[in-house]
Amino acid sequence: MIQQIYPSPSHEYEFELNKDMHFAASHYIPHEDAGDCQKVHGHTYYANITIGGNELDDSGFLINFKHIKKLIHKRFDHTLLNKDSLFSDEDPMKFPTTEVVAKTVCEIIQEHLDTLEHHPVCLQVFLRETPTSYVIYRPKKGRVS
Ligand SMILES: Nc1nc2c(c(=O)[nH]1)N=C([C@H](O)[C@H](O)COP(=O)(O)OP(=O)(O)OP(=O)(O)O)CN2
Ligand SMILES: [Zn+2]
């Protein structure tokens, strides 16, 4: 939920940046345990992305807030997640569950951060799928991307 207070990851970076965004997407979970969620249905996902670092770029940014939004919103907004090449109906680790979508968001952002000389790091993705359900993904230290 936008403007909510989120749990913080522990870290020792001097700067911590947070970006909230939302996107509308549909999905289905291709497993019998998912019950009704095996049928295509939609959500407004609310994501909070946390990035840390010790150095800023030439603009004085850890990363431009707009770039974070673009990476995720442009890719997933108004899409059927199951059709995205990052997800699969065959491998449970690639079903578009809240857990896997949160991890995937973190990986997309880290892939971009890895191209920057000042080495910011995606520390946490908080992803709310419904008013009552959310997941927090934190990559293991030393194993970002
Ligand atoms: N661990 C997970 N469990 C479920 C996921 C998931 O991604 N990870 N997904 C679903 C469904 O896709 C569904 O969209 C969300 O289910 P749920 O939270 O049960 O939604 P409700 O609005 O029905 O929940 P209430 O308890 O009635 O508020 C299911 N499980
Ligand atoms: Zn769902």
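## Strand β4 and its neighbours

Strand β2, covering residues 41–53, is joined to β4 by seven bridges, and the two run antiparallel. Here strands (E, at least two residues) and helices (H or I, at least four residues) are DSSP runs numbered from the N terminus, and two strands pair if DSSP finds at least two bridges between them. Within this pairing, T50 stands opposite Q124 in β4, and A47 stands opposite L127 in β4. This is a predicted model, in which local features need pLDDT of at least 70 and side-chain atom pairs count only at pLDDT 80 or more, while totals for chains, interfaces and linings use all residues. Residues are numbered from 1 along each chain as its sequence is written, and chains are lettered from A and ligands numbered from 1 in the order in which they are written.

Strand β4 is also joined to β5 (residues 133–137), by five bridges and again antiparallel, with T130 having S133 in β5 as its bridge partner. The two strands form a hairpin with two residues between them. Eight of the 10 residues of β4 (residues 121–130) are buried, so this strand is largely enclosed by the rest of the structure; a residue is buried if 20 or more other C-beta atoms, placed from the backbone, lie within 10 Å of its own.

## The sheet and the helices

Five strands form an open sheet in the order β3-β1-β2-β4-β5, with mixed pairing. Its edge strands are β3 (79–80) and β5, each of which pairs on one side only. Helix α1 (residues 65–76) packs on the sheet, where it touches β1 (15–27), β2 and β3, and its direction makes about 15 degrees with that of β1. Helix α2 (residues 98–113) packs on the sheet as well, touching β2, β4 and β5, and its direction makes about 145 degrees with that of β4. Such angles run from 0 to 180 degrees between N-to-C directions, the axes being lines fitted to C-alpha atoms, for helices over the stretch in contact, and two residues are in contact if their C-beta atoms, placed from the backbone, lie within 7 Å.

## The chain as a whole

The protein chain has two helices and five strands, which run β-β-α-β-α-β-β from the N terminus on. The radius of gyration of the protein chain is 15 Å, close to the 15 Å that the globule rule gives for 145 residues, so the chain is as compact as a globular protein of that length; the radius is taken over C-alpha atoms, and the rule is 2.2 Å times the number of residues to the power 0.38.

Technical notes:
Buried ≥ 20, exposed ≤ 12 C-beta atoms within 10 Å, placed from the backbone.
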